[in-house]
Amino acid sequence: MTTNEDTITAEDPITGEEIELPADLEVGQIVDSPVTGAELEVISTDPIELEEAPDLEEDWGE
């Protein structure tokens, strides 16, 4: 993981490629992978750890 003032790099859990993300990530935040477009969830911020975000099912008030 490398950092600068505005962005950090982390490993995309789907492809293994290094991706650039905003530096102000928070645990639980959902980000889009710039490589695959998949939604990724921030699991840890130190070190940055991502995993594919679970699909959320519609809740129609049931």
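## Strands, hairpins and core of a predicted all-strand model

From the N terminus on, the elements of the protein follow the order β-β-β-β-β, and the count is 5 strands and 0 helices, where helices (H or I, at least four residues) and strands (E, at least two) are DSSP runs numbered from the N terminus. The model is predicted, so local features need pLDDT of at least 70 and side-chain atom pairs count only at pLDDT 80 or more, while totals for chains, interfaces and linings use all residues. Residues are numbered from 1 along each chain as its sequence is written, and side-chain values use heavy atoms, with hydrogens and water left out.

Of the 62 residues of the protein, 27% count as buried, a term that means under 20% relative accessible area, with exposed over 50% and partly exposed in between (1.4 Å probe, protein chains only). The accessible surface comes to about 4,700 Å², of which 42% belongs to carbon and sulfur atoms; such areas come from the Shrake-Rupley method with a 1.4 Å probe, and for residues only the protein chains shown count as cover.

### Strand pairing

Two strands are said to pair if DSSP finds at least two bridges between them. E1 and E2 pair in the antiparallel sense over 5 bridges, and they form a hairpin with 6 residues between them, in whose turn Gly-16 has a positive phi of about 80 degrees. An open sheet of 3 strands has the order E3-E4-E5, with antiparallel pairing. Its edge strands, each pairing on one side only, are E3 (30–32) and E5 (48–52). E4 and E5 are antiparallel and joined by 5 bridges, and this hairpin has 2 residues between its strands. Some bridge partners are listed here.

| Residue | Bridge partner | Strand of the partner |
|---|---|---|
| Thr-9 | Glu-20 | E2 |
| Leu-40 | Glu-52 | E5 |
| Ser-44 | Glu-49 | E5 |

Ser-44 is found in strand E4 (residues 39–45), and it counts as buried because its relative accessibility is 18%. Apart from residues up to four places away in sequence, Ser-44 touches Val-27 and Glu-49, contact meaning heavy atoms within 4.5 Å. Glu-49 is also the bridge partner of Ser-44 in E5. A polar atom of the Ser-44 side chain lies 2.9 Å from the backbone oxygen of Pro-47. Pro-47 itself is found in the loop between E4 and E5, and the peptide bond from Asp-46 to Pro-47 is cis, with omega near 0 degrees. As background, most residues other than glycine have a negative phi, and most peptide bonds are trans.

### The nonpolar core

The largest nonpolar core has 10 residues in all, namely Ile-8, Ala-10, Ile-19, Leu-21, Leu-25, Val-31, Leu-40, Val-42, Ile-48 and Leu-50; such a core is a set of buried Ala, Val, Leu, Ile, Met, Phe, Trp, Tyr and Cys residues joined through side-chain atoms within 4.5 Å. The elements that give two or more residues to this core are strand E1 (7–11), strand E2 (18–22), E4 and E5. Val-42, one of the core residues, touches Leu-25, Glu-26, Val-27, Gly-28, Gln-29, Glu-49 and Leu-50, not counting residues up to four places away in sequence. For the protein as a whole, residues 24 or more positions apart account for 16% of the contacts with a separation of 6 or more.

Terms used:
A polar contact is a pair of N or O atoms within 3.5 Å; within protein, one must be able to donate a hydrogen and the other to accept it, and residues adjacent in sequence count only if both atoms are side-chain atoms.
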